[in-house]
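The sequence and the structure are shown here.

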Amino acid sequence: MSTAIRRAIFPLLLLLGAVASIHYGAAYHSVPVLVEQEEEVEIDVPNPFALPPGLAPDSPLAQTPPFGDPSLGPPPFGPAPFEVPAIKQVVTRVTQTTKEMPEPALIRDVTVGGVVRLASGELKRTYSGDQGPSLCPT
Amino acid sequence: MASMAKQKSFFHRAKLARWRLWVQLGFLLAWLDPLLMRMQSVCGPVFHCYSCPLATFACPIGVLAQFSALHVIPWIALGTLLAVGAAVGSFVCGWACPFGFLQDLLARAALPKFSLPAWTGVFRYLVLIALVLAVPYWYGEAHELFFCRLCPAGTLEGAIPNTAQLVLSRQVGVLPGATEAESAAPDPTGRDAAPEEGAGQEIPWPSRTRIAILAAVLAAALVTWRPWCTLLCPLGAIYAVCNRFSMVFMRFHPDRCRDCKVCRSLCRGGERPERRVDGLRCVRCMECQQCQAVSVATVFSPGEATGSRPEIQ
C-alpha cells in the first residue's frame with residue numbers, strides 16, 4: 001500500500017463518518033417534542049334566559065301526568081311556551097400532543113428559542129401554530 | 001504522479017495568501033444570505049450567528065450549545081464540523097470565517113502590535129468544554145454563562161442589528177417583522193389592540209457583559225492578531241485539532257530550510273512553523289508559505305506528511 005493511500009485512510013474514514021452522521025441526522029434522527037396546538041371549536045353555551053333544567057320541556061317533571069294518572073294525558077301546561085336556543089360560541093382549544101421533530105426542524109427551532117427542555121426532561125415547543133418566534137431569546 | 005508533482009509545484013509557486021482577502025469577501029457574501037434563502041435548518045461551517053438578520057445558515061457552535069441544553073446529540077452539526085475539519089482543517093478560520101475576516105480588517109490599523117503566547121490557545125478548549133457544552137447541559141440555555149449570551153459574534157451580528165430593528169420599528173410605529181398593512185390589520189384573536197401595545201413592547205437590550213466582551217475583542221483586534229480566534233474561539237479549537245489529520249495541510253520541508261526564520265516572522269499567530277507547521281493556533285492563512293520551506297499539500301501529495309527542524313531555536 002502506498003504511503004499516500006495509507007496517509008489518506010484516516011481522514012477519508014473521518015469524512016465518511018461525518019457524511020454518515022449528517023445523513024443520519026437529516027434523514028432518521030428525530031426527538032419527541034411536546035407541541036401545543038390551537039384549534040377553534042364551536043360550543044353551546046347555556047342561554048341565561050333558558051328554563052332551568054328541571055322545567056325544560058323534555059325534563060321528567062314536564063312529562064309527568066298531573067296527579068300521576070296516565071289517563072289524564074300530558075300535563076295541561078304542555079311544553080314550555082317558548083324555547084330559548086343555546087348560544088353558539090367559538091372558543092380556542094389548546095391541546096398538547098407529542099410530535100416527533102426531525103433534527104433539521106429542531107435546528108431551525110432552537111435558533112429562535114422555539115424549543116426548551118422542561119424540568120421533567122421533556123422537550124417542549126414554546127409556540128403554537130406554524131409561526132415560530134422571530135428572534136433568538138439570547 | 002506527474003500531475004501530483006505539478007499540483008505540488010502549483011501550490012508552492014502560487015502565493016495563495018494574496019488572494020485571501022478576496023476569498024474572505026466572497027465567503028462573507030455567501031454567509032450573508034444574498035438570495036434570502038434563510039436556510040436555518042442547515043448547519044454552516046463558520047462562526048456566524050444565526051440570529052443575524054442576514055444569516056444563511058445556523059451557527060455550528062450555537063447549535064452545539066443549544067442541543068447540549070436540550071440533551072440531544074446534534075448529529076448534523078457534529079458531522080458538518082467533522083467533515084470540514086477532516087477535509088481542510090482550520091483553512092475555514094483563515095479563509096471563510098466572517099468574524100475572523102473582521103478581525104483581519106481591524107488588524108490592518110496602523111497601531112503597535114503585540115502577540116499572545118502560544119499557550120493561551122488552551123483557553124479555547126476551556127470555552128468549548130465549559131461554556132458551549134457543560135453550562136448548557138447542566139444549567140440550560142437560560143444561564144448567564146450560556147455561550148450564546150456572551151458570544152461577541154452574536155452581539156455584533158444578531159443582538160445589535162435586531163435591537164436596532166426593534167428601536168426603529170417602534171419609532172415608525174410598525175411592529176418588528178410586520179409590514180405596515182399587517183400592523184394595521186385587526187387582531188385575529190378579536191382583541192382590540194391598545195394603541196400603545198406596539199410602542200410599549202419591551203426592547204431586549206443586549207446586556208452590558210455582551211457589549212463589554214464585544215468591545216474588548218474588537219479593541220484587542222486592533223493591537224493583536226485575531227484575539228478571538230487565538231484565545232477564545234471554540235470553533236477554532238475544534239478545527240485546530242483537525243489540523244493534525246486533515247486532507248489538506250501545511251507542509252514544512254526541512255531540506256529547503258536555511259534557518260532564516262522567515263516563516264516564524266511571517267506567522268502572525270505566534271507559531272513556529274519550523275517546529276510544528278500545523279500548530280494549535282494556526283488558521284492556515286498561508287502567510288508562512290512565502291518562505292520556500294513551507295507549502296500546502298494534500299494527503300495524496302508525494303513525500304512525508306510534514307517535517308520539522310527542532311534544533312532551530
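## The sheet of chain A

The bridge partner of V115(A) in β4(A) is R125(A). In this predicted model, β3(A) and strand β4 (residues 123-125) of chain A run antiparallel and are joined by three bridges. Both belong to an open sheet of four strands in chain A, whose order is β2-β1-β4-β3 and whose pairing is mixed. Its edge strands, β2 (87-102) and β3 (115-117) of chain A, each pair on one side only. On average, and with direction ignored, neighbouring strands of the sheet are turned by 30 degrees against each other.

A helix accompanies these strands. Helix α3 (residues 103-110) of chain A lies across β1 (30-45), β2, β3 and β4 of chain A, and its direction makes an angle of about 115 degrees with β2(A).

Chain B contains 14 helices and two strands. Of its 313 residues, 45% count as buried. Among contacts in chain B with a separation of 6 or more, 72% are between residues 24 or more positions apart.

## Contact between the chains

The interface brings 39 residues of chain B into contact with 31 residues of chain A. On the side of chain B that touches chain A, two or more residues come from each of α3 (60-70), α4 (75-88), α8 (147-150) and α9 (152-172) of chain B. The most is given by α4(B), with nine residues. By class, this side of chain B comprises 24 nonpolar, 14 polar and one charged residues.

## An enclosed helix and the nonpolar core

After α3(B) comes H71(B), which has a positive phi, near 60 degrees.

The largest nonpolar core has 94 residues, of which F47(B), V63(B), V92(B) and F147(B) touch the most other members. The element that gives the most to this core is α4(B), with eleven residues. When neighbours within four places in sequence are left aside, V92(B) is in contact with P45(B), V46(B), V84(B), C97(B) and Y239(B).

Helix α13 (residues 234-242) of chain B contains A240(B). With 25 other C-beta atoms within 10 Å, A240(B) is buried, because the cut-off for burial is 20 or more. The C-alpha atoms of A240(B) and G89(B) are separated by 6.6 Å, although these residues are 151 residues apart along the chain. Residues up to four places away in sequence not counted, A240(B) touches S90(B) and L280(B).

## Domains of chain B

According to the domain assignment, chain B has domain 1 (2-149 + 207-241) and domain 2 (248-298). The C-alpha centres of these two domains of chain B lie 22 Å apart. Contacts between them involve 26 residues of domain 1 of chain B and 20 residues of domain 2 of chain B.

On the side of domain 1 of chain B that touches domain 2 of chain B, at least two residues are supplied by each of α1 (2-13), α4, α5 (91-95), α12 (227-231) and α13 of chain B. By class, this side of domain 1 of chain B has 13 nonpolar, nine polar and four charged residues.

Conventions:
Residues numbered from 1 in each chain as written. Chains lettered and ligands numbered in written order. Predicted model: local features only at pLDDT ≥ 70, side-chain atom pairs only at ≥ 80, totals over all residues. Buried ≥ 20, exposed ≤ 12 C-beta atoms within 10 Å, placed from the backbone. Contact = placed C-beta atoms within 7 Å. Pairing = 2+ DSSP bridges. Axes fitted to C-alpha atoms, helices over the stretch in contact; angles between N-to-C directions. Nonpolar A, V, L, I, M, F, W, Y, C, P; charged D, E, K, R; others polar. Core = buried A, V, L, I, M, F, W, Y, C linked by C-beta atoms within 7 Å. Domains from an automatic or database assignment.
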